[in-house]
Amino acid sequence: MRLLIVEDEVKTGAYLQQGLNEAGFTVDVATTGENGLHHAMTSVYDLIILDIMLPGVNGFEILKKLRENGHLSPVIFLSAKDRVEDRVKGFELGADDYLVKPFSFSELLARIRALLRRGRTIESHQISVADLNVDFLKRRVTRAGNRIDLTAKEFSLLELLIRRKSEVLPKSLIASQVWDMNFDSDTNVVEVAMRRLRSKIDDPFESKLIKTIRGMGYSLEDPHTS
Amino acid sequence: MSFWRRSLTFRLVCLFVLVSTSLLIGLGLLTLSATKDHFLELDEVYLYDKGLLVQEIAQNASSSEEVVKKVSLAFNSQPDLSLAISDQSKVLYKSPGFEFPAYLLIQVEDQISQSSHSSHSGQSGAVMQWLAGTQTMRAVSIPVDGLTVVLAVNTLHHDHFMASFRALMWVYVAVAILLSGLLGWWVTRRGLRPLLPIIAKASHINAAQLNDRIPTKDVPVELEPLARTLNQMLERLEHDFARLSGFSSDLAHEIRTPLSNMLIQSQVTLSKNRSVDQYQETLLSMVEELERLASTVSDMLYLAKTENHLEIPNQSSVALEAEALELLTFYELLAEEKFVTLKVTGEGTVMGDRLMIRRAISNLLSNAIRHAEAHTHIGIEIDHTAQVTTLSVANVGETIPLPIQPRIFDRFFRSDQARTHPGLEGAGLGLAITQAIMQAHGGTISVSSAQGHTVFTLSFKTTG
């Protein structure tokens, strides 16, 4: 997967590049609008991350030119501007996501992965990780053949984790996806919910599937494959 | 046009001049016409007076010839008076050098035929008037024993008087208008003079001396409301400004503390070689600190936008019980941990922004759970009357002392002034945000706390 980052703040660009490289992406960085536009028009990227405030050509203009020329790669805007009009403008121009600085790296990563997966995977009815099996149609969870009863929210939480297995999901993303809490809310709730889910999924078993990545979030993965 | 808008003096002077011009011209025209009427009356009286004389002479005469002779003799010495005497068929006598217009003579003849039938109606005709060359003539006809005597007088001396009177009048009017303009200017300047101290005071007020006030004692009564309104404005500005200043210093403090923590921690960590675990620990603690900072900044931005009405609430119908129940699914986990039970009762629908209202309720719930004693109950009660729809969150816990109750809605307010556990309490913006959201919806937030029971109430206007 090849990504382009257009960001005039050199440090931000470098850290993002490092982080995304380590997450398995190939990343090009452009530090000016002109450069970024040139890269985006001449090479093929799976996803483009655009800062809005750029010297020369700004992020909105880059996106506009790209869409006019038929480049349809998904675009995520990064911006310190938090005005509703900016968001609206971004989405109107055809952006796929909009993140306001400061954002957490795990949040960006989770959104990049969501965008890249979009439209490519068929939502399966049933997913297994190690000996854990989740059937979404029957809403049934089994681990090592044992039926596990979950509450509705616990099931939603597990569904989120397993559909995005091996990804680190930040607490804020979990709160917004499972409880529709789209603002900075008490993320202690997510910790409690995660503890409960673990008590049912992991505690009775030898191998633990749900991992806490401190300072980042949670992920569900098969401990033997990673 | 712009000058008209800008200068009050100019405007008032114009109005003065307009008013005095119309008054003076009206007065002038009235005087002229009255004078004219008066002269006409004088002439009429004069002519009829002479007419009586003619009649008197005629009564003492025996024949028409004698009448003509005596009358012409009597009036020869009166230069401003002309005379014509005629019987039914012809003119018997005419003042020399004076021509009566033909139409008058015909009229005279008509009148003669009329008056021959009627008795001595001395006042039979009105005063007749015509122009002979440059002179205006006035005449009356008097029937005397079958004769008609026409007496005419020229109005030359009146005309002279009228001409000079008219000229004098218009000069006076012009001067008076000019004077009234000047007077208007002076009066306006004088009348506006009480504004000067207000202007002087207002021009000296700046951010550093917002506590200064415009004097209201010595200003005229009409200006007192203005001065008072300005003072009220200053009061509001002063209040907002003080809040803003306090806010800036709070903000600086709020950000400075974690920044200095992180700086010290990084430098201490770097001061010697450490194990990977220790580095990780440092980074993790920094992440926590930074996340808190980020959330403080975004809360502050949200607060600023809400307070300044940049975040305009979408108006849609929001069912409070539905929102509260949904939030309960989120918070009940936290509540169960503390052995606290949550319950929603009642219902009510308000107009507003769903997400903002949700955030307001969420803040109250989060606070209530944080401050609730274990094994107690938190009640969310929704109620509505014709005027207000309320949502209140009640918890059992430490009482909020009365003196600090109004202050808990201030930004960065924490009951614990030492701020020893910022992580536990959040940035101290929750209630300020809730209040700002309520204000943006035209509602209010209030608190009551006594004997371990604390109730926060959101009040919305009932709609529909």
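Helix 8 of chain A packs against helix 9 of chain B at an angle of about 75°, with the two axes 9 Å apart. That makes helix 8 of chain A roughly perpendicular to helix 9 of chain B, because angles of 65 to 115 degrees count as such. The model is predicted. Across the two chains, 18 residues of chain A are in contact with 19 residues of chain B.

**Where the chains meet**

- Helix 8 of chain A spans residues 188-201. This helix gives the most to the side of chain A that touches chain B, with five residues.
- That side of chain A has seven nonpolar, five polar and six charged residues.
- Which residues bring helix 8 of chain A and helix 9 of chain B together? From helix 8 of chain A come A:Asn188, A:Val189, A:Val192, A:Ala193 and A:Arg196. They meet B:Phe330, B:Tyr331, B:Leu333, B:Leu334 and B:Glu337 in helix 9 of chain B.
- By class, this helix contact has seven nonpolar, one polar and two charged residues.

**Helix 9 against helix 10 in chain B**

- Helix 9 of chain B covers residues 320-337, and helix 10 of chain B covers residues 354-371. They pack at an angle of about 30°, with their axes 10 Å apart.
- The two helices are therefore roughly parallel. The cut-off for that label is an angle under 35 degrees.
- Their crossing is right-handed.
- Helix 9 of chain B contributes B:Glu323, B:Ala324, B:Leu327, B:Tyr331, B:Leu334 and B:Ala335 to the contact. Helix 10 of chain B contributes B:Ile357, B:Arg358, B:Ile361, B:Ser362, B:Leu365 and B:Ile369.
- The contact has nine nonpolar, one polar and two charged residues.
- B:Tyr331 and B:Leu334 take part here, and they also meet helix 8 of chain A.

**Helix 10 against helix 12 in chain B**

- Helix 12 of chain B runs over residues 430-440. Its axis and that of helix 10 of chain B come within 9 Å and cross at roughly 145°.
- This crossing is left-handed.
- On the helix 10 side of chain B stand B:Met356, B:Arg359, B:Ala360, B:Asn363, B:Leu364, B:Ser366 and B:Asn367. On the helix 12 side of chain B stand B:Gly430, B:Leu431, B:Ile433, B:Thr434, B:Ile437 and B:Met438.
- By class, the contact has seven nonpolar, five polar and one charged residues.

**A buried residue in chain B**

- B:Leu391 lies in strand 10 of chain B, residues 388-396.
- Is B:Leu391 buried or exposed? B:Leu391 is buried, because 27 other C-beta atoms lie within 10 Å, and 20 or more is the cut-off.
- Leaving aside neighbours within four places in sequence, B:Leu391 is in contact with B:Leu320, B:Ala324, B:Ile361, B:Ile380, B:Ile382 and B:Leu458. Of these, B:Ala324 and B:Ile361 also belong to the contact of helix 9 with helix 10 of chain B.
- B:Leu391 and B:Gly348 are 43 residues apart along the chain. Their C-alpha atoms are separated by 8.4 Å.

**A hairpin in chain B**

- Strand 3 (residues 128-132) and strand 4 (residues 135-144) of chain B run antiparallel, joined by five bridges.
- B:Gln129 stands opposite B:Arg138 in strand 4 of chain B.
- Two residues lie between the strands of this hairpin. There, B:Gly133 takes a positive phi near 65°.

**Chain A: overall make-up**

- Chain A has eight helices and eleven strands.
- Of its 226 residues, 33% are buried.
- Among contacts in chain A between residues at least 6 apart in sequence, 54% join residues at least 24 apart.

**Chain A: a four-stranded sheet**

- Four strands of chain A form an open sheet in the order 6-7-8-9, with antiparallel pairing.
- Strand 6 (126-129) and strand 9 (146-148) of chain A stand at the edges. Each has a single partner strand, so one side of each is left without a neighbour in the sheet.
- Neighbouring strands of this sheet are turned by 20° against each other on average, direction ignored.
- Strand 6 of chain A is joined to strand 7 (residues 132-135) of chain A by four bridges. A:Ser128 stands opposite A:Asn133 in strand 7 of chain A.

**Chain A: an exposed loop residue**

- A:Asp149 is found in the loop between strand 9 and helix 6 (152-163) of chain A.
- A:Asp149 counts as exposed, because it has 9 C-beta neighbours inside 10 Å, and 12 or fewer is the cut-off.
- The C-alpha atoms of A:Asp149 and A:Lys200 are separated by 8.1 Å, with the two residues 51 apart along the chain.

How values were computed: Residues are numbered from 1 along each chain as its sequence is written. Chains are lettered from A and ligands numbered from 1 in the order in which they are written. This is a predicted model: local features need pLDDT of at least 70, side-chain atom pairs count only at pLDDT 80 or more; totals for chains, interfaces and linings use all residues. Two residues are in contact if their C-beta atoms, placed from the backbone, lie within 7 Å. Ala, Val, Leu, Ile, Met, Phe, Trp, Tyr, Cys and Pro count as nonpolar, Asp, Glu, Lys and Arg as charged, and the others, Gly among them, as polar. Axes are lines fitted to C-alpha atoms, for helices over the stretch in contact, and angles run from 0 to 180 degrees between N-to-C directions. Angles under 35 degrees count as roughly parallel, over 145 as roughly antiparallel, 65 to 115 as roughly perpendicular and the rest as oblique. A crossing is left-handed if the near helix is turned anticlockwise from the far one by less than a right angle, and right-handed if clockwise. Two strands pair if DSSP finds at least two bridges between them.
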